[in-house]
Amino acid sequence: MFIAANWKMNLNKKSILNFSKQLKKFKFSNKVQTCIFPPMTYVDYLNELISKLPISVGGQNCHYKSSGAFTGEVSPKFLIDIGCEYVIIGHSERRTLNNEDNNEIKLRAQSAIDCNLKVILCVGESQNDRVKGLAREFVEKQLLQCLPNNFENCYIAYEPIWSIGTGLIPTKNEINEMHKNIKEFIFKTTNIETKVLYGGSVNKININDILDISNVDGVLVGGSSLEVKDFLAIYTAAVKHLVKSE
Ligand code: PEP
């Protein structure tokens, strides 16, 4: 079970310090893995603040080259250097706002894996594709074109674009079907058993329903991970879910 918190371009030094103080008062379980993805400028800072807690830190993206003339980019080696364990690649905001296509995403994911980062590779369809019944086909194409080699220990995050930050969520059945299909598709093409996170408008209210879905192995949370109380409520729900299913 994995809880990933994507802070995107939010919070600052002061709010991260406050967040970490609350985390330090909390009793974490070893049953649920968790990773926070702060803005790049604060990864190191957060990592030092929570170094004694069982929480990983990760980058929200990285470049496909490990060094060179790429102004404004972040090397996967830098992420390793400052203690990152994970990196998110192919988030729909990168795809849409920064024109990262499947080809580039594959390069970025491969480079991250080659540097020993664990990748959370995001896929997900638009509302238009969902309505037209093309969601499965769209996601399979993304997988086919983005999946790097040596994907063991990595995750897929299924994040329908129309669900991110909107409060709209696919039905339980739709999530289960998509996750099942992603797992089967990856197994068929690479022989690797992959874990799939759900992302899109997850919050402390709907988390129980989402974790009850059989092919969900965790969640990638955006907006609801910005308040420490919400983040910890989601984390606690994941721990309870595991205890219940033992
Ligand atoms: C995300 O951007 O990865 C995400 C899931 O955002 P939100 O939880 O805010 O929908």
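This is a predicted model: local features need pLDDT of at least 70, side-chain atom pairs count only at pLDDT 80 or more; totals for chains, interfaces and linings use all residues.

Me: How do you know whether the radius of gyration agrees with that of a compact globule?

Reply: For 246 residues, a compact globule would come out near 18 Å. The protein has 17 Å, so the value agrees with that expectation. Buried residues make up 53% of the 246, and 73% of the contacts with a separation of 6 or more join residues 24 or more positions apart.

Me: Why is isoleucine 192 called buried?

Reply: The cut-off for buried is under 20% relative accessible area. Isoleucine 192 has 12%, so the label buried applies. This residue lies in the loop between helix H8 (172-190) and strand E7 (195-199).

Me: Which residues does isoleucine 192 touch, leaving aside its neighbours within four places in sequence?

Reply: Those in contact are Phe151, Glu152, Ile186 and Phe187. For contact, heavy atoms must lie within 4.5 Å. As for asparagine 153, 39 residues away along the chain, its C-alpha atom is separated from that of isoleucine 192 by 9.6 Å.

Me: What makes strand E1 largely enclosed by the rest of the structure?

Reply: Look at the count for residues 2-6: 5 of the 5 are buried, so E1 is largely enclosed. In a regular strand, side chains alternate between the two faces of the sheet. In E1, Phe2, Ala4 and Asn6 are on one side, with Ile3 and Ala5 on the other, and both faces are covered.

Me: How do you know that E1 and strand E2 count as paired?

Reply: The requirement is at least two bridges. E1 and E2 (residues 33-37) have 5, in the parallel sense; in one of them, phenylalanine 2 has glutamine 33 of E2 as its bridge partner.

Me: And what makes strands E3 and E4 a pair?

Reply: Strand E3 (residues 56-59) and E4 share 2 bridges, again in the parallel sense, and at least two are needed. Glycine 58 stands opposite tyrosine 86 in E4.

Me: Which way do the residues of E4 point?

Reply: Within E4 (residues 86-89), Tyr86 and Ile88 point one way and Val87 and Ile89 the other way. All of these are buried.

Definitions and conventions: Residues are numbered from 1 along each chain as its sequence is written. Side-chain values use heavy atoms; hydrogens and water are left out. The radius of gyration is taken over C-alpha atoms; the globule rule is 2.2 Å times the number of residues to the power 0.38. Buried means under 20% relative accessible area, exposed over 50%, partly exposed in between (1.4 Å probe, protein chains only). Helices (H or I, at least four residues) and strands (E, at least two) are DSSP runs, numbered from the N terminus.
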